[in-house]
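Visitor: I am new to this structure and would like to learn how to read it. Could you walk me through it, step by step?

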Amino acid sequence: SGYWEIAELPEGTYPVTVTKDGYTFAYEKAVIIGNGDLTLSIVAHSLLAMKVECPSMVDQGAEVNCQYTLTNQGTTKTTGVTLTLEPSPNVTLASLTGDSGVSCNLQGQPYTCTIPDLEIGATAKVTMVANNTGYETLENKFIETKATLSSTNYPTETVITEIKVRPHLWV
């Protein structure tokens, strides 16, 4: 978060552009200053982006397939890229695989995948397959997976995914 103040700014329309190395922003607009305070909400995303594709609901006991697409949207090659996955504790990981050059460690949580350096505009994909056999002990009857994407030259990106689990006796 940040705070800035400009004293005695006359009423009018002003362009607002937000920049910070390593981030992309979901805001670039003109604002109108009137007789009062102005508050802007600006969402920042790392230039090392992560898109997560998981089903919104799965049947009890069924496999859960999630795909993580990692993209370098920056202006330099990204290095030291790691994807860390933390699924719900009562979910059994069946496999964790990636594109050529991706190396994944399945030895206990959190699970990690080391991604080769990504050139500008390059992508890498990782697929997680898990079993949700522990439905009876799932809190709130959903599976939650926390995915954290980090690198040496871009800010960390974290995405939490919730997948509802439909019980066998669902009506």
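**Reading the strands**

Guide: Welcome! The secondary structure of the protein comes to 0 helices and 14 strands, where helices (H or I, at least four residues) and strands (E, at least two) are DSSP runs numbered from the N terminus. This is a predicted model, in which local features need pLDDT of at least 70 and side-chain atom pairs count only at pLDDT 80 or more, while totals for chains, interfaces and linings use all residues. Residues are numbered from 1 along each chain as its sequence is written, and side-chain values use heavy atoms, leaving out hydrogens and water.

Visitor: In which order do the 6 strands of the open sheet lie?

Guide: Two strands pair if DSSP finds at least two bridges between them. Here the order is E6-E14-E13-E8-E11-E10, with mixed pairing. At the edges are strand E6 (57–59) and strand E10 (103–105), each pairing on one side only. From one strand to the next, the twist averages 20°, an angle between N-to-C directions (from 0 to 180 degrees) of lines fitted to C-alpha atoms.

Visitor: Over how many bridges do strand E13 and strand E14 pair?

Guide: Strand E13 (residues 142–150) and strand E14 (residues 157–166) are antiparallel and share 8 bridges. For Lys146, the bridge partner in E14 is Ile160.

Visitor: Which residues touch the most other members of the largest nonpolar core?

Guide: A nonpolar core is a set of buried Ala, Val, Leu, Ile, Met, Phe, Trp, Tyr and Cys residues joined through side-chain atoms within 4.5 Å. Buried means under 20% relative accessible area, exposed over 50%, and partly exposed in between (1.4 Å probe, protein chains only). This core has 29 residues, and Tyr68, Leu83, Leu96, Ile115 and Val126 touch the most other members. Elements giving two or more residues to this core include strand E7 (63–72), strand E8 (81–87) and strand E12 (123–131).

Visitor: What does Tyr68 touch?

Guide: Contact means heavy atoms within 4.5 Å. Leaving aside residues up to four places away in sequence, Tyr68 touches several residues, among them Met50, Val52, Leu83, Val126 and Ala147.

Visitor: How much of the protein counts as buried?

Guide: Of its 171 residues, 34% count as buried.

Visitor: And Met57, where is its place?

Guide: Met57 sits in strand E6 and is partly exposed, with a relative accessible area of 32%. Not counting residues up to four places away in sequence, Met57 touches Ile163, Lys164 and Arg166. The C-alpha atoms of Met57 and Ile143 are 9.3 Å apart, although 86 residues separate them along the chain.
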